[in-house]
Amino acid sequence: MQGTVATFDGTTRTGTLLLDDGTELSFPAPAFDASGLRLLRLGQRVRVERDAAGEIVRVTLPTMD
């Protein structure tokens with residue numbers, strides 16, 4: 001699933017996304033850390049990966065595998 005970065009705190013490495021349907025979704029620091037990224041910018045498109053329980057486990061750029 002993809003969304004747009006609405007907020008990002010570089011200190012806590014947490015943030016919120018707006019999904020394409022307008023839903024706001026928060027992501028925890030471990031999901032950002034799993035991406036290997038150094039930062040996110042407001043308005044940036046990202047891809048979200050969830051585990052079987054629906055928890056966000058990774059936030060990456062749409063072009064990354």
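A: What follows goes through the salt bridges, and then turns to the nonpolar core.

The model is a predicted one, and it holds 4 salt bridges. Among them is a pair formed by the side chains of Asp33 and Arg13, with an N to O distance of 2.7 Å. This pair links distant parts of the chain: Asp33 lies in helix α1, while Arg13 sits in the loop between β1 (2-9) and β2, 20 residues apart. Asp33 is partly exposed, at 41% relative accessible area. Arg13 is also partly exposed, at 32%.

Another part of the picture is a network of salt bridges that links Arg47, Glu49 and Arg58. Glu49 meets the side chain of Arg47 at 3.7 Å, N to O. Glu49 also forms a salt bridge with Arg58, where the closest N and O atoms are 3.4 Å apart. Buried means under 20% relative accessible area, so Arg47 counts as buried at 18%, and Arg58 is buried at 19%. Glu49, at 27%, counts as partly exposed.

Now the core. The largest nonpolar core has 13 residues, and those with the most contacts inside it include Leu17, Phe27 and Val59. Elements that give two or more residues to this core include β2 (14-19), α1 (29-33) and β4 (45-50). Leaving aside neighbours within four places in sequence, Phe27 is in contact with residues including Arg13, Leu17, Leu40, Ile56 and Val59. Arg13, one of these contacts of Phe27, is the residue that pairs with Asp33.

How values were computed. Residues are numbered from 1 along each chain as its sequence is written. This is a predicted model: local features need pLDDT of at least 70, side-chain atom pairs count only at pLDDT 80 or more; totals for chains, interfaces and linings use all residues. Side-chain values use heavy atoms; hydrogens and water are left out. A nonpolar core is a set of buried Ala, Val, Leu, Ile, Met, Phe, Trp, Tyr and Cys residues joined through side-chain atoms within 4.5 Å. Buried means under 20% relative accessible area, exposed over 50%, partly exposed in between (1.4 Å probe, protein chains only). Helices (H or I, at least four residues) and strands (E, at least two) are DSSP runs, numbered from the N terminus. Contact means heavy atoms within 4.5 Å.
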